[in-house]
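Open the model in your viewer and keep the selection panel at hand. The stops run from the whole chain to single side chains.

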Amino acid sequence: MSDKREDYISWDEYFMGVAYLASMRSKDPNTQVGACIVSADNKILSMGYNGFPSGCSDDEFPWSREGDPLSNKYFYSTHSELNAILNYRGGSLEGTKMYVTLFPCNECAKAIIQSGIKELIYDCDKYEKTPSVIASKKMLSAAGISFREYERTGREVKINL
């Protein structure tokens, strides 16, 4: 009988890696965010990335962050967390966990709460001092949803495609 190898990646590394891989599908020139929803028994249920809704051309809608609200991306783009929730076709997400590359905004926090997700693992919190993220944390805490920062291991994963 042979010994198993010991250098395999952890569940957290795996699912955060999937979230980062999903983020690479985003066409947003400024911020690419990915999310991965996982069952209690570590099965991937859904993934999402930030972009425009189906049927809304990436070439016809604006990617700008500034200017007139109808001429920038904010009224049109869907965040990765909401896309992951909406992409799931299997029924309830009650008791699941979500891995996300950027801490969710207040609007995504509402969707996370309402969908039944119970744990959130995030990698980056660069907007932690903004009202949106402060409100998000307040709602997630009030709803009993745990959230924790992903603990980077420093492991490098290289994929040649």
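How many positive and negative side chains does the protein chain have, and how far apart do the centres of the two sets lie? Select Lys and Arg as positive, Asp and Glu as negative, leaving out His and the chain ends. The protein chain has 19 positive and 22 negative side chains, with the centres of the two sets 2 Å apart. Each charge is placed at NZ of Lys, CZ of Arg, CG of Asp or CD of Glu.

This is a predicted model: local features need pLDDT of at least 70 and side-chain atom pairs pLDDT 80 or more, while totals for chains, interfaces and linings use all residues. Numbering runs from 1 along each chain as its sequence is written, and side-chain values use heavy atoms, without hydrogens or water.

Next, switch to cartoon. The protein chain holds 4 helices and 5 strands, in the order α-β-β-α-β-α-β-α-β. These are DSSP runs numbered from the N terminus: helices are H or I, at least four residues; strands are E, at least two.

Colour by burial. Of the 161 residues, 40% count as buried (under 20% relative accessible area, 1.4 Å probe, protein chains only).

Now select the cysteines. The structure holds 0 disulfides (pairs of cysteine sulfur atoms within 2.5 Å). From Cys-36, the nearest cysteine sulfur is that of Cys-108, 16 Å away. Cys-36 is buried, at 0% relative accessibility. Move to Cys-108: the nearest cysteine sulfur, that of Cys-105, is 3.8 Å away. Cys-108 is also buried, with a relative accessible area of 4%.

Methods
Buried means under 20% relative accessible area, exposed over 50%, partly exposed in between (1.4 Å probe, protein chains only).
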